[in-house]
Amino acid sequence: MKNSVLNFFGILALSATLLTSCSKDDENKNSSPSSTFVINANDFKGQINDGEVILNATTVYKLTGRLQINSGATLTIPAGTKIEGVGGTASFIAVAQGGKINVNGTATNPVVMTSGLATKAPGDWGGLVICGKAPINRVTGGASTAQSEVAELTYGGATSSDNSGTIRYLRLEYCGAAFNSEKEFNGLSLFGVGSGTTVEFVQAFHGSDDGFEFFGGTVNTSNLVSFGNEDDQFDWTEGWNGTNSNWYGKISFGKGNRGIEADNFEQGFANTPLSNPTINNLTLVGPGSVADAKSYPENDALKLRRGTRGVFTNVVVSGWADGFDVEHDESIAGVGTALKANNVTFSDVTRKSTGRTTAVPPATAGVSADVSAVFAETTTATGAGNGVEIPSWATGWTTGL
């Protein structure tokens, strides 16, 4: 009987050891359950070519170079994960056409992509670049493709509903590393991204270029915060069409140009599809109507030019030299109909609207135009939710506000 009892407990102990060992092995495998990609958290870079790679929220990942998610592969980032860029222009995350990124942050536990340097500053690393298969208008008609300004990946196509993944509750900090004055990263760069992609509750904080930039595509967004980025808080071009709600943009930190800079396409003002987003609930807070011109050379809340269209509803514009600045014949033609802001409340704005037609050589500037019909003024707009103040939906997961 005694031997039987000992054998029984011995079997239990062996079973427990085997179970523990298997559990640890499974845990290690689960960080990359179906991919050949090998994760090195202290040297996080490389090409994810297959399967799904799942990061570990308890690990800090040092992004030392280019991390690229290729067609057929997925990168999944759980709530609370931190990724620290330490390589300047060499350090960025890029999603190629057919690849997917899933950022699964929460309001209390966002995913943070930030600088890994001891003293953090704008431009410490690149940013997040996503390339999809939705239409762009670099060639009129929307069937063209192109190479992205950064990451040098193909984007564009004919798949409006293309899906590059899901991004929720993400902070992008100190992005915007620059190759030169014409080529630099933004916080989030969306190249031909399709409407099957989810982008909501994302903050671009203290970057050296734009917070968010859309290069064509059809992606929809909601609950975006762009704060303290040194060029434009929001920017679009190349025929972007998307339905959006709850955008809060604010210039800070002593540098910045515009709340929104909007183009159709720089080299083809009438190229189709036309840039034509819908934005509901928008707040743009500037540096003040008489801010230092060296620090804030443009000081426009909304610069609408080069053929862009767009409809804005429930807009708060505060602290700018110019509220709505509309330029070029192709954009001016849409004023009051296809280019219109409804329910706009202004404060500390010197000129509510200015307009200039397309320059005709040998003239060096366009002729002034009356574009006051671009907005319908009220005193009741709430913007992103709380007028010029931080909206309630932005509390907890954002920083610096």
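**Walking through the chain**

Touching, or contact, means heavy atoms within 4.5 Å.

Some housekeeping. This is a predicted model, where local features need pLDDT of at least 70, side-chain atom pairs count only at pLDDT 80 or more, and totals for chains, interfaces and linings use all residues. Residues are numbered from 1 along each chain as its sequence is written, and side-chain values use heavy atoms, with hydrogens and water left out.

Back to A146. A146 lies in strand β10, residues 146-147. Helices (H or I, at least four residues) and strands (E, at least two) are DSSP runs, numbered from the N terminus. Is A146 buried or exposed? A146 is buried, because its relative accessible area is 11%; buried means under 20% relative accessible area, exposed over 50%, and partly exposed in between, with a 1.4 Å probe and protein chains only. A146 and L170 are 24 residues apart in sequence, and their C-alpha atoms are 27 Å apart in space.

Now the whole chain. How many helices and strands does the chain have? There are two helices and 26 strands. Of the 401 residues, 53% are buried. Among contacts with a separation of 6 or more, 67% are between residues 24 or more positions apart.

On size, the C-alpha trace spans about 105 × 40 × 35 Å along its principal axes.

Next, S115, which is in strand β8, residues 111-115. S115 counts as buried because its relative accessibility is 0%. Which residues does S115 touch, not counting those up to four places away in sequence? They are E84, G85, K120, D124, W125, E173 and Y174. With D124 there is also a polar contact, side chain to side chain, at 2.6 Å. A polar contact is a pair of N or O atoms within 3.5 Å; within protein, one must be able to donate a hydrogen and the other to accept it, and residues adjacent in sequence count only if both atoms are side-chain atoms. S115 and V86 are 29 residues apart in sequence and 6.3 Å apart in space, C-alpha to C-alpha.

T81 sits in the loop between β4 (74-78) and β5 (82-85). T81 also counts as buried, because its relative accessibility is 0%. The side chain of T81 reaches the backbone oxygen of P78 at 2.7 Å. Beyond four places in sequence, T81 touches residues including L55, Y61 and V111.

Last, some backbone details. A cis peptide bond joins T272 and P273, with omega about -5 degrees, and P273 is in the loop between β21 (258-262) and β22 (278-285). E152 is not a glycine, yet its phi is positive, near 55 degrees. E152 is in the loop between β10 and β11 (154-155), and E152 is exposed, with a relative accessible area of 55%. E238 likewise has a positive phi, near 60 degrees, in the loop between β19 (234-237) and β20 (243-250). E238, at 4% relative accessibility, counts as buried.
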